[in-house]
Amino acid sequence: MDSEEYSESDSSYEDISDESGSDEDTLDAASNWCRIDQENLAPPPPRFPFSGNPGLNTRMDGSSPIEFFCIFFNDDIVGYIASETNRYAEDFIEKNDLTPSSRVQKWKDVDSSEIRVFFGIIILQESSNQVTFQKGMCQLMNPYYCIKEDWAANSTYQKREPGSGLNSISYANLPVVIFGIALFTQERICHCGMNPPITTTNIVMTLLEDLLDKGYCVTLDNFYTSPELAELLLSHRTDVYGTLRPNRISVHEEIKKGTLKKGEIVGFQKGKICVMKYMDKKPISILSPVHNTVIVEQDKKRKKTHGKSERIVSKKPQAIIDYNLTMGGVDKANQCLSYYPTVRNQQKKYYLKIFRQILNQSVWNSFVLHKNNGGTMSHLDFRLQLVEELAKIYGKSKHSSQNTTSSDRLIGRHFPSRIQPTQKKKAPTKICIVCSPKFNEKGQRVRKESRYQCSQCNVTLCVTPCFEKYHTVENF
């Protein structure tokens, strides 16, 4: 990586970032910095002893995708979503004056199994750009095509213990801001409106609440990094380093306005915190309490010239090399998730967008755990197998009309009648319940409407042959 590459995600959310001050505010604070002698460098300060418990904290009996996925969406969370869905439907029916023919009148409570199948449909939709649907998969999911996205997504997600991690954690702002909502995810969710009442320091401290005082080392981009945050984390025995915006409060004036030649570096020390500025193709500012300003050689990618390969050796600060290594996971996750878009422009409700982002991130986290436990599947194969397992295990619909038998439907007396006219339509039509589940030779759903219905069963039917088939065949 070139030195300037770590600023890819560092330019976002200029209006949200905080802790930048004027020159008058920083004169007193900047006087405490001591210039580092580049000719006589002291060794970097030691890191705090690590006492955390990294790795997977949940026992795994197998390696199937659904087992890793259930770490994030366990029975308690899915059951809570199902209960909130049913509560929302009940409140909606009570508060709205619905017509007898409204589809909402046919609502039946959902359970956790149906919610999980709905998750599978969402994941399959996200993967549609990466795979061609096979007929078998469509038939597998067919009983649930009618499920709509009107479940109550405003549920509160319970606090969970970290499922995995190393003693080095990376945080970066997600490249998604929708209707003024910025998402910050690790084990919790913080979302901000157009005028966020919280600071970047509060965001990081909230996300790290369960990991403080354990010797972790956090990597940040310049959206979060500040001397104030570094001092606060050090007081909780947590190391930190990352790129820095020079206009932060308490940063030395030479870091802000000083000019350097290419390859030069200048650094200042205050206590354990070191702030340095390095000139590559453009100036890069780094804050770190675990690095000094030492410059080391690094082998770059081999470059082919005239059919021959050559090795290029570059020089850069050790802090920048470590930053590139630890921030790579965040950049890779954002890149891989961008191939599976979860947020749809048609959705106007912000909480649905937030939930889809959470679901997509959970699938990615499940995939990472799968790879760390010796899995060999690709990301796409992992997602498709997860969808297949969700459908096979939880995909038996208890509401499907093809699987239910009504003695009244098959034995009672039934007569066709015209659908009553309305104020808007003198001759209204509706979709036939027998024809609608069918597909033509091109794989497209058949849409056939009729002006007739069975008033006893309250369903729309074609006069012939659907009316007779519906009342004489168990599985029509």
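How are helix 10 and helix 11 oriented to each other, roughly parallel or roughly perpendicular? They are roughly perpendicular to each other, a label given to angles of 65 to 115 degrees, whereas angles under 35 degrees count as roughly parallel, those over 145 as roughly antiparallel and the rest as oblique. The model is a predicted one, in which local features need pLDDT of at least 70 and side-chain atom pairs count only at pLDDT 80 or more, while totals for chains, interfaces and linings use all residues. Residues are numbered from 1 along each chain as its sequence is written, and side-chain values use heavy atoms, with hydrogens and water left out.

Two packed helices are described by the angle between their axes and the distance between the axes. For helix 10 and helix 11 the angle is about 110° and the axes are 10 Å apart, the axes being lines fitted to C-alpha atoms over the stretch in contact, with angles running from 0 to 180 degrees between N-to-C directions. The helices themselves are DSSP runs of H or I with at least four residues, and strands are E runs of at least two, both numbered from the N terminus. Helix 10 passes helix 11 in a right-handed crossing, in the sense that the near helix is turned clockwise from the far one by less than a right angle, anticlockwise being left-handed. On the helix 10 side, Asn 360, Val 363, Trp 364, Ser 366, Phe 367 and His 370 meet His 379, Phe 382, Arg 383 and Leu 386 of helix 11. By class, this contact has five nonpolar, four polar and one charged residue, where Ala, Val, Leu, Ile, Met, Phe, Trp, Tyr, Cys and Pro count as nonpolar, Asp, Glu, Lys and Arg as charged, and the others, Gly among them, as polar.

Helix 11 (residues 379–394) also packs with helix 4, their axes coming within 9 Å and crossing at roughly 155°, so these two helices are roughly antiparallel to each other. This crossing is left-handed. Among the residues that make the contact are Arg 116, Gly 120 and Leu 124 of helix 4, together with Arg 383, Leu 386 and Tyr 394 of helix 11; the whole contact has eight nonpolar, two polar and three charged residues.

Helix 2 (residues 65–72) is mostly covered, with six of its eight residues buried, that is, under 20% relative accessible area, where over 50% is exposed and the range in between partly exposed (1.4 Å probe, protein chains only). The buried residues are Pro 65, Ile 66, Phe 68, Phe 69, Ile 71 and Phe 72, and they pack against helix 3, helix 4, helix 10 and helix 11. From helix 10 (residues 350–372), Ser 362 is in contact with Phe 72 and Phe 73, leaving aside neighbours within four places in sequence; contact means heavy atoms within 4.5 Å. Ser 362 is buried, because its relative accessible area is 6%.

Gln 105 lies in the loop between helix 3 (75–95) and helix 4 (112–126), and it is partly exposed, with a relative accessible area of 42%. Although Gln 105 and Ile 93 are 12 residues apart in sequence, their C-alpha atoms are 7.6 Å apart in space.

Finally, an open sheet of three strands has the order 15-18-19 with antiparallel pairing, strands being paired if DSSP finds at least two bridges between them. Strand 15 (416–418) and strand 19 (459–460) are the edge strands, each pairing on one side only. Strand 18 (residues 452–454) and strand 19 pair over two bridges, and Cys 454 stands opposite Val 459 in strand 19.
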